[in-house]
Amino acid sequence: MIWPVKSAVIVTAIFATYLIIAGLVYIGLGIFSGAKGGWSRVGHIVLGLVYIVAGVIAYANLGAAATTLALIVVIFIGISWIVDGVVSLSLLGRDGSRVWTLLYALLSIIAGVIVIFSPVIAGLAFWLLLGISLVVLGIVQIVRAITLGKDEKAFIGTQDAAAV
């Protein structure tokens with residue numbers, strides 16, 4: 001939340017590293033797998049090279065790669081909300097709660113259209129919500145870790161009292 005651009009760049013660097021490692025694994029599978037046929041081996045090698053090239057391109061300009069990755073994710077989310085809304089509409093006649101299904105479908109389609117037509121604003125909102133949720137979840141985990149021993153002793157005490 002403090003440095004969202006730097007955080008996005010770090011996530012992109014991790015993703016680019018994954019692409020390069022996955023590419024090397026695919027190339028290794030293509031070269032050293034004797035059980036696969038010729039086209040399968042060639043396909044693995046080509047896919048590995050594509051992954052490596054994508055990882056190197058991402059490393060060449062992490063800022064642009066982070067922006068592109070964020071836009072792709074946001075647009076995918078928008079499209080999936082629209083599809084989810086259309087699927088919900090198709091189930092409208094078979095669902096017991098037609099009003100709630102119709103409301104869900106319309107909200108899902110409207111939200112998907114808004115996200116697709118303003119992906120930058122939606123991306124910033126998603127990134128902010130992700131940051132806030134990670135901070136809140138982190139605080140909850142810290143509190144859980146601190147109170148873990150106390151809660152366990154209280155639970156064991158109640159179980160011992162119930163057994164007697």
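Start with the second largest pocket, where α3 supplies the largest share of the lining, 4 residues. Select T12, F15, L19, A54, I57, A58, N61, A65, T68, L69 and I72 to show the residues that line the second largest pocket. At least two of the lining residues come from each of α1, α2 (38-60) and α3. Helices here are DSSP runs (H or I, at least four residues) and strands are runs of E, at least two, numbered from the N terminus. The volume of the second largest pocket is about 210 Å³.

Before going on, a word on what's on screen: this is a predicted model, in which local features need pLDDT of at least 70, side-chain atom pairs count only at pLDDT 80 or more, and totals for chains, interfaces and linings use all residues. Residues are numbered from 1 along each chain as its sequence is written, and side-chain values use heavy atoms, with hydrogens and water left out.

And "pocket"? On a 1 Å grid over the protein atoms alone, a pocket is an open set of points where a 1.4 Å probe fits, with protein on both sides within 12 Å along at least five of seven lines; lining residues have an atom within 4 Å of a point. Grid points are joined across faces, edges and corners, and the volume is the space filled by probe spheres set on the points.

Now colour the second largest pocket by residue class: its lining has 8 nonpolar, 3 polar and no charged residues. (Nonpolar covers Ala, Val, Leu, Ile, Met, Phe, Trp, Tyr, Cys and Pro; charged covers Asp, Glu, Lys and Arg; the others, Gly among them, are polar.)

**Next stop: the largest pocket**

How much space lies in the largest pocket? About 680 Å³. Select A8, A66, A70, G123 and W127, which are the closest to its centre of the 24 residues that line the largest pocket. Two or more lining residues come from each of α1 (4-32), α3 (62-90) and α5 (119-163). α3 gives the most here, with 9 residues. By class, the lining of the largest pocket counts 20 nonpolar, 4 polar and no charged residues.

(The expected span is 1.5 Å times one less than the number of residues.) Its buried residues are A8, T12, A13, A16, L19, A22, G23, I27 and G30. Buried means under 20% relative accessible area, exposed means over 50%, and partly exposed is in between (1.4 Å probe, protein chains only).

Switch to α3, where the end C-alpha atoms are 42 Å apart, in agreement with the 42 Å that its 29 residues should span. The buried residues of α3 are A65, A66, V74, G78, G85 and S88. Zoom in on S88: at 10% relative accessibility, S88 counts as buried. What is S88 in contact with, leaving aside neighbours within four places in sequence? T101, Y104 and A105. (Contact means heavy atoms within 4.5 Å.)

**An aromatic pair**

Rings of Phe, Tyr and Trp (its six-membered ring) pair if their centres lie within 6.5 Å; planes under 30 degrees apart are stacked, over 60 edge-to-face, and the rest tilted. By this rule there are 3 aromatic pairs. For one of them, select Y26 and Y51: the ring centres are 5.6 Å apart and the planes sit at 85°, so the pair is edge-to-face. Y26 lies in helix α1 and Y51 in helix α2, so the pair ties together parts that are 25 residues apart in sequence. Y26 is partly exposed at 27% relative accessible area, and Y51 is partly exposed at 24%.

Pick L92 in the loop between α3 and α4. L92 is partly exposed, with a relative accessible area of 22%, and touches R98, T101 and L102, not counting residues up to four places away in sequence. Then try I110, in helix α4 (residues 98-117). Finish on G43 in helix α2: its C-alpha lies 7.5 Å from that of G30, 13 residues away along the chain.
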